[in-house]
Amino acid sequence: TNSQENIKSGKVDISQPYTFMKNNLNTVKIGAGYQRRERDFTSRGLNFIAYNGTTYEADYSVYQLPDDQRFLEQYLGLMANGKAGVSVQDGSIPNSQYVASSTTTHAYIMNDQRFYKTLRFIYGVRMESFHQKLVADQRGLGAVNINYTKTDLLPSVNLIYALNPKTNIRLSYSETLNRPEFRELASFGFYEYITGLFVYGDSTTKRAKIHNYDFRYEIFPGKSQLLSASAFYKKFIDPIEFSTSPTYPNEASYYQKPSATVYGVEAEFRLLLSSLFAGRMDNSILSKLTLTGNGAYIKSKVPLGKGPDSTELSRPLQGQSPYIVNLSLGYNDEKLGLSSTISMNRIGERLALAGSRVLPDFYEKERTVIDFQVAKTFLDNKLEVKFNIRDLLAQKITTYLDNDKTQSFTEQDRVFSSNIAPRTFIFGASFKF
């Protein structure tokens, strides 16, 4: 696979404070930006067949060997037993390449306005003009040529009411976008090892629009600390989902439903451990330890129409976990130039691949990930050395077919794939001149 991509971008932002109702903490901001992406993608496929099968008898037992043995040197070409082993030939197909580009131009205006001492109103609008091109071969349909421009106006409103100097109530609304990537549009197909399916893009995929509503209660105890609880609701128009093909049982692509909803509650905190204990502990090791975390309980719904008994059918949004938990403990000593973080992330069972008439839904089992990092600076902070461990537990990534449609693993379901996630060790150093 050869993928060459160039990205060029630039932006300008201007802020101007002003006085309103005898308050000089108001600010108006304007800005504009530009981004240009260009990609030239080519993939070469290889087929493995019996070596010169018209001349030599093929030894098909080779094809029953595990993947890490089948392509060893002794099984390639004419083998020692006089039989034909494995041979390689070019298996590239016409839809294995595409040329694409996108240009995004944006401009915005935002006003941060305060009324008296208790009310803050932040509102504005962002204009995005998106132009995308893509030229590629499409399976059995000739060339596909995408060339379109879409302009969106995206409003954003935040209303913040201060109950007291350390407590806020926040109401917010915004509109955001989710645009398909190049590979989600091109008909290029690749083998996805987790599901064992061939994944193809769909040139008809269009951008999704999301309406976001949020109610948030915030407490600021001091020293960059935070306690908050919130409720949220999101309305998706034309959500992009990864789904199995309704026609071919060994293929998957990107499909869109007319709408989807996501709603739930979330709690977040950021605390200095020294604040949890009575007495003055500003100089203790606890004052250098920060505990942060957030957790969310989430419900999602994609309407599927009416069932045989006229009941409304639905399923969760593909990729959306029913709950998410993040915890992190950080240590920072500026005098020693030493910092360290250990973090934990856990997700609940989620719809990994939406099903169709051919196959049921694929679900991914719950999983916990723990990461660790330690960093030390030297030479007046010019030299920094870092050591990271990613996915310390290396738990299995397991997907299963939800045959009984209970959205949880039962005896009627079948494990489709189970792979041990790699535990990664990274050492790095940087120097500032």
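Trainee: Where is the place of Leu 379?
Mentor: Leu 379 is in the loop between strand 22 (367-378) and strand 23 (383-390). Strands are DSSP runs of E with at least two residues, whereas helices are runs of H or I with at least four, and they are numbered from the N terminus. Please note that this is a predicted model, in which local features need pLDDT of at least 70, side-chain atom pairs count only at pLDDT 80 or more, and totals for chains, interfaces and linings use all residues. Residues are numbered from 1 along each chain as its sequence is written, and side-chain values use heavy atoms, with hydrogens and water left out.

Trainee: Is Leu 379 buried or exposed?
Mentor: Leu 379 counts as exposed because its relative accessibility is 57%. With a 1.4 Å probe and protein chains only, buried means under 20% relative accessible area, exposed means over 50%, and partly exposed lies in between.

Trainee: What about the phi of Leu 379?
Mentor: The phi of Leu 379 is positive, at about 55°, although the residue is not a glycine. In general, most residues other than glycine have a negative phi.

Trainee: And what is phi near in Tyr 116?
Mentor: Tyr 116, which is not a glycine, has a positive phi near 55°. This tyrosine, Tyr 116, is found in the loop between strand 5 (97-115) and strand 6 (119-138). Tyr 116 counts as exposed, since its relative accessibility is 63%.

Trainee: Let us step back. How many helices and strands does the protein have?
Mentor: The protein has two helices and 26 strands. Its C-alpha trace spans about 95 × 55 × 50 Å along the principal axes. There are 433 residues, and 34% of them count as buried.

Trainee: What share of the contacts join residues at least 24 apart?
Mentor: The share is 61%, taken among contacts between residues at least 6 apart in sequence. A contact means heavy atoms within 4.5 Å.

Trainee: New topic: how many aromatic pairs are there?
Mentor: There are twelve aromatic pairs. Rings of Phe, Tyr and Trp (its six-membered ring) pair if their centres lie within 6.5 Å; planes under 30 degrees apart count as stacked, over 60 as edge-to-face, and the rest as tilted. One of the pairs is Tyr 173 with Tyr 213, which is tilted because the planes stand at 45°, with the ring centres 4.9 Å apart. Tyr 173 belongs to strand 8 (residues 167-178) and Tyr 213 to strand 11 (residues 208-219), so this pair ties together parts that are 40 residues apart in sequence. Tyr 213 is partly exposed, with a relative accessible area of 41%.

Trainee: Why is the pair of Tyr 363 and Tyr 400 stacked?
Mentor: The planes of Tyr 363 and Tyr 400 are at 20°, with the ring centres 6.1 Å apart, so the pair is stacked. The two residues are 37 apart: Tyr 363 is in strand 21 (residues 362-364) and Tyr 400 in strand 24 (residues 396-401). Both Tyr 363 and Tyr 400 are buried.

Trainee: Which residues do ring pairs link into a cluster?
Mentor: Phe 41, Tyr 98 and Phe 188 are linked into a cluster by ring pairs.

Trainee: Over which ring does the charged end of Lys 365 sit?
Mentor: The charged end of Lys 365 sits over the ring of Phe 409, 4.0 Å from its centre. The charged end of Arg 179 sits over the ring of Phe 130, 4.4 Å from the ring centre. The rule is that NZ of Lys or CZ of Arg lies within 6 Å of the ring centre and within 35 degrees of the ring normal.

Trainee: Now Asn 250. Which residues does it touch?
Mentor: Asn 250 touches Leu 197 and Phe 198, leaving aside residues up to four places away in sequence. Asn 250 is in the loop between strand 13 and strand 14. At 39% relative accessibility, Asn 250 counts as partly exposed.
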